[in-house]
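Thanks, everyone. Let me take you through one model, starting at the surface and ending with the backbone.

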Amino acid sequence: MDDKISIIVPMYNSELTITETLNSIFKQKSNEDFGNFEVIIIDDGSTDDSLQVAQDFQRKYTKANIVMLDGEGKGVSHARNLGLTHATGTWITFMDSDDFFGQSDFSSVLDLLNSSEFTDVNIVTYPEYYFNEYSERQFSEYGFPTNVRSMTVSRHPTTDKVRYRFTWKSPKVFPNIQGNVYSENEYYWIAQARLNVLIRNLEDNKIYFEEDLLYAEDSIFVAQYVSSGNGLGRISKGITYHYLKNKYSTVDKYSSSVTSYKMILKWADRVVEKLTVGDYVSPAGAGILLNEFGARLKMSRLFPMHLN
């Protein structure tokens, strides 16, 4: 295992977005020697030119370690698990093929991760930003979006079309503490559920995504990692994740209680199964349960009261 970061990128029909995703890794000046990271791209049965675009990067950056794998169309969790089995770095992070890194100074990040503060921590979170993207056609038809004060204007790296982008920071709240490690017992309510995280590449007792779950499998994976070590670490510099908010995600698909209540119950059963320690669910497991059910109760999306 080498002292580097393995970046796992599942990809499906991403020919219009994967260029920006990979550029956010390779075009950072601090990463020019390519020795402090590897990129593992798993093509999950794309029918467009995604694979060709990724292979072009492989040919261009011959000194970089770019691993191409076939996900066989078995879904994003299988693709990530395949990446986990091939990762050779001491730390691992994940990137969706339509998102990108704002910062990715992997040398400085590794220095932080290898410090004594994180010796007993197996998972470290880092800042996440959301962004919405609008086309010229949307602007001409609907005008400037409400509640938006400013935007950046650029050309799409693949289509060369003008695009307008609005970015804002994730509303995730972290309390001010001395140090950068949040105890699982005391700060279980943080309920880190998204993949803006760096995880330690565990040699024993490896943790994988639940491939049969279609919803919130990320949260179980992250909670297991929090429980496997001494809580959740946090770094605030060197790396940032930018998440495309206006894509149609699994969260959107199962936001309605009519279509999701059986899925939620299956997910909750799996949380209890995977995160029970002795007679009780671990604090990290309880945190994601409370977070999911609390949010759905607040929005009346827990159980269906009607059929439409």
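First, a term. A patch is made of residues with over 30% relative accessible area and no salt bridge; like charges are joined within 9 Å, and nonpolar side chains (Val, Leu, Ile, Met, Phe, Trp, Tyr) within 5 Å. A salt bridge puts a side-chain nitrogen of Lys or Arg within 4 Å of a carboxyl oxygen of Asp or Glu. Areas come from the Shrake-Rupley method with a 1.4 Å probe, and for residues only the protein chains shown count as cover.

Two housekeeping points. This is a predicted model: local features need pLDDT of at least 70, side-chain atom pairs count only at pLDDT 80 or more, and totals for chains, interfaces and linings use all residues. Residues are numbered from 1 along each chain as its sequence is written, and side-chain values use heavy atoms, with hydrogens and water left out.

Now the surface. Tyr188, Trp189 and Leu290 make a nonpolar patch there, with about 320 Å² of accessible area together. Leu290 sits in helix H9, residues 283-298. Helices (H or I, at least four residues) and strands (E, at least two) are DSSP runs, numbered from the N terminus. Leu290 has a relative accessible area of 56%, so it counts as exposed. The classes are: buried under 20%, exposed over 50%, partly exposed in between (1.4 Å probe, protein chains only).

On to the sheet. What is its strand order? It is an open sheet of eight strands, S3-S2-S1-S4-S11-S6-S12-S10, with mixed pairing. The edges are S3 (66-70) and S10 (181-182), each pairing on one side only. Two strands pair if DSSP finds at least two bridges between them.

Take S10. It pairs antiparallel with S12 (residues 232-234) over two bridges. Tyr182 stands opposite Leu232 in S12.

Next, S11, residues 197-200. Three bridges join it to S4 (residues 89-94), antiparallel. Ile92 has Ile199 as its bridge partner in S11. S6 (residues 123-125) also runs antiparallel to S11, again with three bridges. Here Thr125 partners Val197.

Last, two backbone angles. Asn13 is not a glycine, yet its phi is positive, near 45°. Asn13 is in the loop between S1 and helix H1 (18-26). Its relative accessible area is 32%, so Asn13 is partly exposed.

Ala216 also has a positive phi, near 60°. That residue is in the loop between S11 and helix H6 (217-228). Buried or exposed? Ala216 is buried, because its relative accessibility is 18%.
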